[in-house]
Amino acid sequence: MTAEHPPAASGERTIEESIRTDFREALSYGRYLDLDRVLAAQHPLSRPEHHDEMLFIIQHQTSELWLKLMLHELRESRRLMDADDLGKALKCLARVKAIQRTMTEQWSVLGTLTPREYAQFRGALGNSSGFQSYQYRAVEFILGNKNRGMLKVFSSEPQAQEMLSTLLDEPTVYDSFLHTLARAGYNVPQDILGRDVTQAWTYRADLVPVFKDIYESADAPWGFYEACEDLVDLEDNFQAWRFRHLRTVQRTIGFKTGTGGSTGVDFLKRALDLTFFPELYAVRTLIGT
């Protein structure tokens with residue numbers, strides 16, 4: 001070590017000469033991510049401002065960002081299935097599953113909010129509620145839980161209503177997968193392939209033998225088997241998220257009515273009965289028989 005290059009002080013990290021520090025005419029990290037707007041988007045409404053409202057806002061804003069990415073990946077997965085590019089479609093589903101795990105774990109952060117803390121700023125929410133998350137509804141729509149009646153919830157938000165209306169009229173990820181199977185020669189019933197995609201998916205017993213063949217045949221392409229398991233993973237993850245949501249709400253507000261007017265915990269419990277891909281669960285009873 002020469003005198004020209006003395007050792008850095010303990011705990012101090014020397015900035016490498018090659019690292020750029022002047023961004024007057026260059027794109028910086030903050031500008032690329034539009035951080036000025038992102039970090040200025042938290043506006044607590046409690047007065048006096050309650051410390052824990054910031055947690056509540058950021059929890060829900062980050063969830064909305066993850067939902068945006070989830071929709072992005074689900075749309076692409078559907079497009080790739082329509083193009084018979086199953087491998088890339090499954091890569092998108094793998095990313096969706098990773099997002100779901102992250103969103104589920106996020107409930108542990110909100111779980112640090114005690115009933116007393118939440119009660120001190122809950123009134124500032126007014127009638128706003130997670131029930132009004134149009135991106136959450138969009139994810140449900142693209143996975144098969146369609147409900148035209150939900151559109152009226154967003155009558156005051158034309159852009160949100162248009163997104164949901166579009167997804168209502170489009171096939172689901174499950175529809176696209178079934179068409180992929182049909183093009184590959186599997187005996188998917190024709191009335192399923194031509195179904196009214198604006199309707200919520202309902203259980204079809206005559207589809208179960210198709211999946212039984214995929215699960216039991218050694219000749220079935222691995223990608224189809226993997227896709228079936230990925231869809232089951234996706235639904236399991238969705239149910240885990242719903243359950244953690246329910247438990248977090250229950251530990252925070254008990255059995256109070258939701259801010260948006262729902263019955264709260266009881267409403268969330270009923271959501272646990274919803275299913276996207278019932279045939280992929282029903283087939284398990286028949287495998288090996």
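Select Phe 267 to begin: this residue is partly exposed, with a relative accessible area of 28% (buried means under 20% relative accessible area, exposed over 50%, and partly exposed in between, with a 1.4 Å probe and protein chains only). The model is predicted, so local features need pLDDT of at least 70 and side-chain atom pairs count only at pLDDT 80 or more, while totals for chains, interfaces and linings use all residues. Residues are numbered from 1 along each chain as its sequence is written, and side-chain values use heavy atoms, leaving out hydrogens and water.

Next, display the aromatic rings; across the whole structure, 17 aromatic pairs are found. Rings of Phe, Tyr and Trp (its six-membered ring) pair if their centres lie within 6.5 Å; planes under 30 degrees apart count as stacked, over 60 as edge-to-face and the rest as tilted.

Phe 131 and Phe 267 pair edge-to-face, 5.6 Å centre to centre with 70 degrees between the planes. Phe 131 is also partly exposed, at 28% relative accessible area. Keep Phe 131 in view and select Arg 137, whose charged end sits over the Phe 131 ring, 4.7 Å from its centre (the criterion is NZ of Lys or CZ of Arg within 6 Å of the ring centre and within 35 degrees of the ring normal).

Move on to Tyr 134, which is partly exposed at 28% relative accessibility. What is the relative accessible area of Phe 154? Phe 154 has a value of 1% and is buried.

Finally, select the cluster linked by ring pairs, whose members include Trp 107, Tyr 136, Trp 201 and Phe 277.
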